[in-house]
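The following exercises concern a predicted model. Work through each task before reading its solution.

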Amino acid sequence: MLLLPLTIHNGSITIVPEPGSLALAALGLIGMIVLAYRRRKQALAH
Amino acid sequence: MRNSILFALALALVAGTAQGDMLIDVGQIPLLPNQAGQKVNVFVNSDVPDSTQGIVFNVQLGDGGPLLGGVDVTPLIVTVNAVGPGTLFEFNHNAPFNESFPPSFAWTSFADAGGVVSIPVGPSLLGVLTFDTALAPAIPRLSSSEIRLMVILN
């Protein structure tokens, strides 16, 4: 026989990308930034 | 006067320690995409020892989904298992009655096989929820939704 009051703090579920996917996306972003930087540097040189 | 204050303080202290509480804190649960069989443990935390003779354990995601009159298409809650290894009721339970209204509602209910099940001080594993994010419905699933538990220990 339960004597104590039972309190429930509800929450949420979230589908999060796998760490591998996040790392891949970050690498892609860094690559894009580097590419844009190089192109801009080349354009300024000419 | 001084004695009265000391008495009041002692009374408050006794009342404070005698009154316990039992808490389930669900928190934020991360799920991986496209993966079946993702298990999440639900613990009940008690301040003082107690006991129970059975449980009704409901889990609802979002508004309950279309089968319960809602509109949310949530990740799939597959089962609520409150008699598995390490759970409070593992060694003392009748056959559980399990039912689900996929994708957003599942529940289990049963009584102890005999006597009572002790609830010790501290955290105890109450049940294990299993989710599936691999099945692709016609309508895309929400990537995030509320999870609401309704637990009756009696």
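**Exercise 1.** Identify the residues that touch the most other members of the largest nonpolar core, and the elements that contribute to this core.

*Solution.* Step 1: the largest nonpolar core has 27 residues, and those touching the most other members are Val59(B), Ile77(B), Val80(B) and Ala82(B). Step 2: in chain B, two or more residues each come from β1 (22-25), β3 (38-46), β5 (54-61), β6 (76-81), β8 (105-111), β9 (117-119), β10 (122-132) and β11 (144-153). Step 3: the element that gives the most is β5(B), with four residues.

**Exercise 2.** Leaving aside neighbours within four places in sequence, list the residues with which Ala82(B) is in contact.

*Solution.* Step 1: two residues are in contact if their C-beta atoms, placed from the backbone, lie within 7 Å. Step 2: with those neighbours left aside, the contacts of Ala82(B) are Ile55(B), Phe57(B), Thr87(B), Phe89(B), Pro96(B), Thr108(B), Leu126(B) and Gly127(B).

**Exercise 3.** Describe the side of chain B that touches chain A.

*Solution.* Step 1: the contacts involve 33 residues of chain B and 18 residues of chain A. Step 2: on the chain B side, β1, β2 (28-31), β4 (50-52) and β11 each supply at least two residues. Step 3: β11(B) provides the largest share, eight residues. Step 4: sorted by class, this side of chain B has 16 nonpolar, twelve polar and five charged residues.

Note on methods:
Residues numbered from 1 in each chain as written. Chains lettered and ligands numbered in written order. Predicted model: local features only at pLDDT ≥ 70, side-chain atom pairs only at ≥ 80, totals over all residues. Core = buried A, V, L, I, M, F, W, Y, C linked by C-beta atoms within 7 Å. Buried ≥ 20, exposed ≤ 12 C-beta atoms within 10 Å, placed from the backbone. Nonpolar A, V, L, I, M, F, W, Y, C, P; charged D, E, K, R; others polar.
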